[in-house]
Amino acid sequence: MSAIIAPSILSANFGKLYEEIEMINNSEAGWFHVDVMDGVFVPNISFGFPLMKPLKEKAVKTLDVHLMIVDPDRYIKTFAEAGAHVLTVHYEACTHLHRTLSEIKNQGMKAGVALNPHTPVSLLRDVLPLCDLVCLMSVNPGFGGQKFIENTYNKIIELKAMILELGLNTLIEIDGGVALNNALLLTKAGADVLVAGNTVFGSENPTKTIAELVELTK
Ligand code: DX5
Ligand code: ZN
């Protein structure tokens, strides 16, 4: 089975947003990855609810929302209403992660936790049964187009072993620096979902690049 490819809207051309959404709808991409940044948790501000509206209206695939914000509990319900299917919060931004994940699920969404490159996967053990998805950041979050951090492979392998040991179905998502030259290796290591921003939207033919990523990970 191939990996789920999740193009990151952050790298799309917002001047032709509907076309970009249609392109993903008609491509072999599995999900839309939606990066919300607050300028506090990460050194960049991206977008918020105004962008969820056109996505909810036009996108026909899973909306995978990655919150790079402090105190995400404040917005769980609003993101559910805005159409998020998967809501991922950062381990580093949650004081009461167990409560946060439970609330995401109570609101009818899949719950995800993202780990910054410096955060060990072992810290997730006690909440892993509540995680539908773990997003391993393979760059320091905040910007698209950064260089992939190689230690991510070790983290995938360790996380995959923990998921199997606990008998869970948690998906492993890789976010940052995913490219045509590492997609297969990441999948072989145990990744299920590959986020791709610059690789897709920086290419001549994004639809073709998505198809290539799918094909490569088979
Ligand atoms: C980074 C974001 C990523 C980003 C990935 O902070 O979470 O989702 O859009 O972009 P690329 O694929 O260009 O590294
Ligand atoms: Zn992301």
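Student: How far is an oxygen atom of ligand 1 from an N or O atom in the side chain of D35?
Tutor: The model is predicted. In it, that distance is 2.7 Å. A polar contact needs a pair of N or O atoms within 3.5 Å, so the D35 pair counts as one.

Student: Which distances apply to the side chains of D175 and H33?
Tutor: An N or O atom of the D175 side chain is 2.6 Å from an oxygen atom of ligand 1. For a polar side-chain atom of H33, the distance to a ligand 1 oxygen is 3.3 Å. The protein covers 99% of the 380 Å² of accessible area that ligand 1 has on its own. Ligand 1 sits in the largest pocket.

Student: Which residues coordinate the zinc ion (ligand 2)?
Tutor: H33 through NE2, D35 through OD, H66 through ND1 and D175 through OD, at 2.0 to 2.3 Å. Along the chain, the donors follow the spacing H-x1-D-x30-H-x108-D.

Student: What makes the arrangement around the zinc ion (ligand 2) octahedral?
Tutor: There are six donor atoms, with angles of 69 to 171°. Octahedral requires opposite donors over 155 degrees apart and all others between 65 and 115. The six donors are therefore called octahedral.

Student: Why is H33 called buried?
Tutor: Buried means under 20% relative accessible area. H33 has 0%, so H33 counts as buried.

Student: And D35: buried or exposed?
Tutor: D35 has a relative accessible area of 4%, so D35 is buried.

Conventions: Residues are numbered from 1 along each chain as its sequence is written. Chains are lettered from A and ligands numbered from 1 in the order in which they are written. This is a predicted model: local features need pLDDT of at least 70, side-chain atom pairs count only at pLDDT 80 or more; totals for chains, interfaces and linings use all residues. Side-chain values use heavy atoms; hydrogens and water are left out. Donors are N, O and S atoms within 2.8 Å of the metal (3.2 Å for Na, K and Ca); water is not among the atoms, so sites may look incomplete. Four donors count as tetrahedral if all angles lie between 85 and 135 degrees; four count as square planar and six as octahedral if opposite donors are over 155 degrees apart and all others between 65 and 115; anything else is irregular. Buried means under 20% relative accessible area, exposed over 50%, partly exposed in between (1.4 Å probe, protein chains only). A polar contact is a pair of N or O atoms within 3.5 Å; within protein, one must be able to donate a hydrogen and the other to accept it, and residues adjacent in sequence count only if both atoms are side-chain atoms. Accessible areas come from the Shrake-Rupley method with a 1.4 Å probe; for residues, only the protein chains shown count as cover. On a 1 Å grid over the protein atoms alone, a cavity is a set of points where a 1.4 Å probe fits but cannot get out, and a pocket is an open set with protein on both sides within 12 Å along at least five of seven lines; lining residues have an atom within 4 Å of a point. A molecule sits in a cavity or pocket if more than half of its atoms lie within 2 Å of its grid points.
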